[in-house]
Amino acid sequence: IKTANLPWVSSFFYGKDKMEKQNKTIVITNGDLGDYGLIKKHIKNYGFGQDGLVISADGGTGNALNLNFIPDLIVGDMDSISGTIKSKIKSLNKNAKFISEPPKKDETDTQLALQVALKYKAKKIIIVGALGDRADHSFANIILLSSPFLENTDVRIITENSEIFVINKSCTIKGRKGKLISLFSLTPFTYFKKTEGLEYGLNDEKLYFSPVRGISNVFMENKAFLDIGSGKLLIIKEI
């Protein structure tokens, strides 16, 4: 997707505040949200809102409306969005843009939504509705977080009770004492120089891709430090 080839780009932005806050983007997909009230609370706690950019991936537009968000951009092959919802979006947001893609494509609608978000210079993205009863879609959305095109962007999947993200360098992770955190190596192994703040420490050792042994670690403090020598980690923590 090249911004220069998209005629709606220059006409989309309709306010300076929106342009300045688009670095925080919400991507809403067509999975199961569960408790809408709880998801809305998480979104607010993470500092995201309607004043940033809101993108829905195809049928995720229905989820967006249920969360009381009005999408700025609707992306996908439009096979899961009804004409009624399309009309409602147009009536609620005259600046909303529908970016239609052919049904036969290599990318998922979620990937397309993320690619569009990056074209709008998004620096922080949360995805809601990424998981559901389709195991293949859920897995694809989780693995999508490790895509090279997202390496310089803070992207996290938020569910009712979890935050899911990928790291490839040492960092401090915020949490809550007693809450669970699971670590999965996405590379053949991830080498840990040391960890701090976890019940089960990893010091000068490797966490392998399989068999998995990083499930259900526990925050001993309200943060944990992971000193990583090499590798890439998928992290799922309770919120």
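**Labels and their cut-offs**

Guide: Asp-136 has a relative accessible area of 45%, so Asp-136 is partly exposed. Buried means under 20% relative accessible area, exposed means over 50%, and partly exposed lies in between, with a 1.4 Å probe and protein chains only. This is a predicted model, in which local features need pLDDT of at least 70, side-chain atom pairs count only at pLDDT 80 or more, and totals for chains, interfaces and linings use all residues. Residues are numbered from 1 along each chain as its sequence is written, and side-chain values use heavy atoms, with hydrogens and water left out.

Visitor: What makes the meeting of Arg-134 and Asp-136 a salt bridge?

Guide: The term requires a side-chain nitrogen of Lys or Arg within 4 Å of a carboxyl oxygen of Asp or Glu. For the side chains of Arg-134 and Asp-136 the N to O distance is 2.6 Å, so the pair is a salt bridge. Arg-134 counts as partly exposed, because its relative accessibility is 45%.

Visitor: How many salt bridges does a search of the whole structure find?

Guide: The search finds nine. One of them joins the side chains of Glu-196 and Lys-194, at 3.0 Å from N to O. Asp-154, Arg-156, Glu-163 and Lys-237 are linked in a network of salt bridges.

Visitor: Why does Asp-109 count as buried?

Guide: Its relative accessibility is 16%, and the limit for buried is under 20%, so Asp-109 is buried. Asp-109 has a salt bridge with Lys-105, at 3.3 Å from N to O. Lys-105 has 23% relative accessibility, and therefore counts as partly exposed.

Visitor: Which residues does Asp-109 touch, not counting those up to four places away in sequence?

Guide: They are Ala-57, Asp-58, Val-75, Gly-76, Asp-77 and Asp-79. Contact means heavy atoms within 4.5 Å. A polar atom of the Asp-109 side chain also lies 3.4 Å from the backbone nitrogen of Asp-77.

Visitor: How do you know that strands β2 and β3 pair?

Guide: Two strands pair if DSSP finds at least two bridges between them. Strand β2 (residues 53–57) and strand β3 (residues 73–76) have three bridges, so they pair, in the parallel sense. At one of these positions, Ile-55 has Leu-73 in β3 as its bridge partner.

Visitor: Where do β2 and β3 stand in the sheet?

Guide: The open sheet has 10 strands with mixed pairing, in the order β4-β3-β2-β1-β5-β6-β7-β14-β9-β12. Strands β4 (97–100) and β12 (217–218) are called edge strands, as each pairs on one side only.

How values were computed: A polar contact is a pair of N or O atoms within 3.5 Å; within protein, one must be able to donate a hydrogen and the other to accept it, and residues adjacent in sequence count only if both atoms are side-chain atoms. Helices (H or I, at least four residues) and strands (E, at least two) are DSSP runs, numbered from the N terminus.
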